Amino acid sequence: MNNIFKYIIPPLLLVLKAMITSGCSDTEGPANIEPEITVEPASDIGRTEATLEARITTKGTGSLSFLRFRYGETEEMSIKSADLSVASDKVSLKIENLKPGTTYYYCAEGGSTTAVIKSQTLSFKTVSNDPPSVSAAISMSSGPIGLIVGFSISDDGGEPLTEAGCEVLNPVTGEITTHPLPSNALHTGEHTLYVSLPRIKCDYVITPFATNSIGKTTGEPVVFIPGDVVLLESPGLLSTLLGNGAITFDNLAIAGPMDGDDFRFLRRMLRAPLLPGESKIESSASTIDISDAVIVEGGATYDGSRFTVANTISTGLFADCRLLTGIKLPVTASAMMRDAFAHCTALRALTVPANVATFQTSSGCDALEEINVSEANPHFRSLDGVLFDSGMTEILWFPVAKEGHYSLPASVLAIGENAFSGTRISSISFPDDFKAIGRGALSSTMLQEVTLPENLVNIPEALFQNSTMLSTVRIGTEAAYIGSYAFSGCTPSHIYIKAFFPPFVAENAFGTNPTDMFGKCTLHVSPGASAAYKRHREWGKFTNITEN
């Protein structure tokens, strides 16, 4: 029996050992091992934020049902993020509202229903707060008593701004004055600030600055010398640059874009009537040079009803500016409209710019002595202060203040509308080839005696209206038409007319109440023509008709 066990048992043990060894092979390990979580160094670290990232390494079929970050100022990491979606092997989270200059610890944790896995712990430090960052100063617009400075605050340093603005060094006195931004402008971004200066010709040094609880920063300064020219970077700034002073400008120059707001303020300086709600300003001016200005659309009405039109000297733009004595208009202006300078009673000189192609006269310029034209203007020409077309064939505007007798140049064939209206000349002579005259051309003048050209056919509307000193008028052979109101408001003592056949008379040609005209004026007609004139429905109303 013993021999049997000796030969059976050892082989059986070998078989059992092989079976046990085969069942515990390394290739047949557990299938539900949980993933491994690791955190990367924090990125995008700022003063109050940072980005955390966790990586998930799969070890088996196990998966995470949730993942979150823990962080805090101590290793306890008391702050937990919300559970995050685990859709890939990398999960990131931007955390905010951190303290500047502070060390934070962080880790990631996640798990499933069977286990909670935690990563290693790392740390980072947020960026510390700094003084603000300020750009260099630039002069945006300037005038005789100050300028508008531009600068930017790109970074507040992580702390609220306590003060910002510009410091001005007066090199003559060594004094530094501070011009602060208002409290509601203490923030990052672009800033503009008006800086008023004493009117002293010296190199003022203007330095932008900004301050927070950490410290003060200054930008590169700009050097400025006050002058007589107002430089406008953008329209609507004239009142800002000149509204805080009390200066009388003998010659004020303005350059840059000007809109309705600028002209409205300029009109107040020139003492135009105040509009409702306006108050008198202290600064004033008399001679204006806006040759380097550009008229643009925009802003308020300049006179209470009209808006600026681009490159146009609009109707009423300078009307009733009683202090205006002289003006140079923008070189970019292309049109001057009727009565742009109406009733500028002190205006003595006017220069028409190079680009003006459309021109109309203004009434009531009682002191106007000369109208000049840029030599570069191809449309108009000036001779002895009188405005003509480029070919010297038509008079467009005769200065009101010129007195005495005036002889039209031989090249002139016509007179434009209202060209002599309101003038002080006492007599006028025409060249032989003269052909046409515009309505109202000789109205409201001081003319005493006028001999119209022989070949003038039309006596236009309102030609002599309100020329109260007119005593004698001679009308030529070719006259065929007398326009409405041609003699309204005037009562000449004698009218000589060579036309054998009575010219047509328009309604109210002799005024709305011509009784004095018909009774006091003697009508002199050609020999043999008196009968025709006496039978005429209008000419026949003259009491005294004689052949002469």
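1. V230 has I254 of strand 19 as its bridge partner. The model is predicted, and the points below should be read with that in mind.

2. Strand 19 also pairs with strand 20 (residues 284-295): nine bridges join the two, again in a parallel arrangement. Within this pairing, T248 stands opposite S284 of strand 20.

3. How many residues of strand 19 are buried? Strand 19 spans residues 248-258, and eight of its eleven residues are buried, which leaves the strand mostly covered.

4. D389 belongs to strand 28, which covers residues 386-389. The relative accessible area of D389 is 17%, and because the limit for a buried residue is under 20%, D389 counts as buried.

5. On the contacts of D389: its side chain makes a polar contact with the side chain of T393, at 2.5 Å. Leaving aside residues up to four places away in sequence, D389 touches H379, F380, R381, E394 and L396. I327 is 62 residues from D389 along the chain, and the C-alpha atoms of the two are separated by 21 Å.

6. The largest pocket has a volume of about 190 Å³. Its lining consists of 13 residues, and those nearest the pocket centre are S362, S363, G364, S421 and G422. By class, the lining of this pocket comprises seven polar, four charged and two nonpolar residues.

Key
Residues numbered from 1 in each chain as written. Predicted model: local features only at pLDDT ≥ 70, side-chain atom pairs only at ≥ 80, totals over all residues. Heavy atoms only, no water. 1 Å grid on protein atoms, 1.4 Å probe; cavity = no way out; pocket = protein on both sides within 12 Å on 5 of 7 lines; lining within 4 Å. Points joined across faces, edges and corners; volume = space filled by probe spheres on them. Nonpolar A, V, L, I, M, F, W, Y, C, P; charged D, E, K, R; others polar. Helix = DSSP H or I, 4+ residues; strand = E, 2+ residues; numbered from the N terminus. Buried < 20%, exposed > 50% of the residue type's maximum accessible area, 1.4 Å probe, protein only. Contact = heavy atoms within 4.5 Å. Polar contact = N/O pair within 3.5 Å; in protein donor to acceptor, adjacent residues only side chain to side chain. Pairing = 2+ DSSP bridges.
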